[in-house]
4 protein chains.
Amino acid sequence: MTTTRLEAFSDGVFAIAITLLVIELRPPEVERGSELAGALWDLWPGYFAYLVSFVTIGVMWLNHHRIFTQVRAVDGPLLLLNLHLLLWVALIPFPTAVVADYLAEGGDGARTALVLYSVVFLLAGVAFGLLFGWITRDARLLERPPPAEVVRSARLRFMFGQAVYLTAIVVSLIAPVVALALHGAMAVYYAFDQATVPVGA
Amino acid sequence: MTTTRLEAFSDGVFAIAITLLVIELRPPEVERGSELAGALWDLWPGYFAYLVSFVTIGVMWLNHHRIFTQVRAVDGPLLLLNLHLLLWVALIPFPTAVVADYLAEGGDGARTALVLYSVVFLLAGVAFGLLFGWITRDARLLERPPPAEVVRSARLRFMFGQAVYLTAIVVSLIAPVVALALHGAMAVYYAFDQATVPVGA
Amino acid sequence: MTTTRLEAFSDGVFAIAITLLVIELRPPEVERGSELAGALWDLWPGYFAYLVSFVTIGVMWLNHHRIFTQVRAVDGPLLLLNLHLLLWVALIPFPTAVVADYLAEGGDGARTALVLYSVVFLLAGVAFGLLFGWITRDARLLERPPPAEVVRSARLRFMFGQAVYLTAIVVSLIAPVVALALHGAMAVYYAFDQATVPVGA
Amino acid sequence: MTTTRLEAFSDGVFAIAITLLVIELRPPEVERGSELAGALWDLWPGYFAYLVSFVTIGVMWLNHHRIFTQVRAVDGPLLLLNLHLLLWVALIPFPTAVVADYLAEGGDGARTALVLYSVVFLLAGVAFGLLFGWITRDARLLERPPPAEVVRSARLRFMFGQAVYLTAIVVSLIAPVVALALHGAMAVYYAFDQATVPVGA
């Protein structure tokens, strides 16, 4: 089994999850048209959560894509670990919707929403780390085994990401909006990081 | 007609069905933010059903994928039997949503929900069995005909699956949560089974 | 421009439209669990409409697939006519939902729902006919021009389909359930027709 | 990294966004079946917005497709600019739904809805312009660098599009229906423009 159909299926799930985010944005219901602008403005937590989740899923796709260009063979654990990753990616629209609904009201609701959001992102990150760990465990699945220090540095970056997501859980309890901004900053950081690594690396 | 576009279309339906599962998970509506954590917790049947359905569709995709690596030609009945399978796969988000809504309340509602869920899984399994039966009926559609005992053992495993799904229908009437757990156990069993069969087999 | 990416995009729209049909099936809301079985039963127009729309979109995909195996070049009108077809295919979940909501109550509601459903199917059929007509207009876009009588017979079958859809509009005004059954019969007829035409034809 | 998987992912997002438009069309809820026809008729802003958004996304896909046939290499900024474009494309179902809900009532509601719609289209257009600008910045990413006047004329057409979208924002404040029609006219204009440019151009 080559990686072609695995990548196609994964691409499908990434593309659908990223596009489904929009259905959490519902037109507001207002009684008089003059209130629509304000009501649309009040949806800002939804736009913010859409943006952060969109960029995060997009970056995970980029990363997934980059890794699989190096994979030449697929074994059973890889299939399961990939399915496990997709399980968390496909779930992201749910915590995104919870954040959209509860961030603005502040208090316990916003805190709980951001903890949920951060936990799902943490688990998606762990799933990605496990997948990456399996692929780079030895040279069997790879086109050409990368130098040990490249693997080590990539693993360090995964751990850095996990540490930030753990921090985000704590921050969620204090300042939920900051926690969401932290997720956004991480996504942008990874996006530029991904985009500047030489593609063959 | 080669299998390429048939596989692409099937991959699309599998990927969409598996990702649409998440839209059955709706943010709970609570009056005070302090109740959100509890309300999220109360959605556990939704998470449980999401998990079981996700793994089941994922495993069916793996299995579909594995089988079609051996298929070299497509005939009319194969097209129809594949469409018939996709009809049941694409339907899975519906019984999943019914289980998410009615499992927690127990009683007749939970029993009915799990019977529906088990029946749809049984029919998806039967559809898969028919497709597999047609493909392995003789050597016409296959890359290289597998040894008779491999086909026989695969058919036995399909029948074992059907027997478990039939059992799940009965268990649904007694202990709906156990029936859902049984579906989950089946999915995990098949996942590891799929993942450990040598890929060329 | 070859047909590869056009087919991939079209496959995506067909696969998504066919899978989105399920989101029109919503779990019923009942007060006591003992009423769930009856409420699920009452959704039969939804199941019926899901089945007919699923088979119809599936058959249109098969037909689209078959035609494009013969197309070797893409020109501007082909792109537009294909987009026009997809516009109607992607719309099908809407009349399907209207039928699911209004068939059971009978009377004017059911009649109106089935007229809408039949009109959308008629227009999708017309869109398919225009696409097919353009492709077979001359030999420029085709791998090898089919014999004139094959084209003529295919066009006759398109017209036959249009005539049935027109009939369905009339029948909708008298017996809406029969009109839906007529659509189902057409889909099954085309499915077997598609499946028995030699694949290279 | 070649463009294959980037195009596949983008195709997926385009295909899903275009097909998700339909879920904004909900069956109307009427008390007596005899009112269904009128209620369906009252959904005309939904149909109109569906049509305009569908054609616009379709044309953006055509354009995206055409441009990428000339791209031979992918670099980091291209990945990010493409993701940025997809972010706006995937958002389109949201303003489409707002227009569907508020166009008919006229007044401030309709004006606000159309301003939102026009702004999202403008930003999607800007995103497309940035992507196109990056690709044609020099010859590094291109199969064969197009003549300077072709690039200049294409850029002029992008700017023309932006100017029309800016105009549409102003028109939205005066006559929202006309603004939506203007978007529709733009989409049709681009559709025929796309369809008549020689494919290799």
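Predicted model: local features only at pLDDT ≥ 70, side-chain atom pairs only at ≥ 80, totals over all residues.

Modeller: Residues are numbered from 1 along each chain as its sequence is written, and chains are lettered from A and ligands numbered from 1 in the order in which they are written.

Biologist: Why do the copies meet through different surfaces?

Modeller: Only 12% of the interface residues of chain D are also interface residues in chain A, so the surfaces are different.

Biologist: What makes residues of chain C and chain B count as in contact?

Modeller: Their C-beta atoms, placed from the backbone, must lie within 7 Å. By this rule, 28 residues of chain C are in contact with 33 residues of chain B. On the side of chain C that touches chain B, α1(C) gives the most, with nine residues. Helices are DSSP runs (H or I, at least four residues), numbered from the N terminus. By class, this side of chain C has 18 nonpolar residues (Ala, Val, Leu, Ile, Met, Phe, Trp, Tyr, Cys or Pro), two charged (Asp, Glu, Lys or Arg) and eight polar (the others, Gly among them).

Biologist: How do you know that α3(B) has close to its expected span?

Modeller: The expected span is 1.5 Å times one less than the number of residues. Helix α3(B) has 25 residues and reaches 36 Å from its first C-alpha to its last, close to the 36 Å expected. Likewise, α7(C) has 27 residues and reaches 40 Å, close to the 39 Å expected.

Biologist: Why is α3(B) called mostly covered?

Modeller: A residue is buried if 20 or more other C-beta atoms, placed from the backbone, lie within 10 Å of its own. In α3(B), 19 of the 25 residues are buried, so the helix is mostly covered.

Biologist: What makes a set of residues a nonpolar core?

Modeller: Its members are buried Ala, Val, Leu, Ile, Met, Phe, Trp, Tyr and Cys residues joined through C-beta atoms within 7 Å. The largest such core has 271 residues, and V89(A), V89(B), V89(C) and V89(D) have the most contacts inside it.

Definitions and conventions:
Contact = placed C-beta atoms within 7 Å. Helix = DSSP H or I, 4+ residues; strand = E, 2+ residues; numbered from the N terminus. Buried ≥ 20, exposed ≤ 12 C-beta atoms within 10 Å, placed from the backbone.
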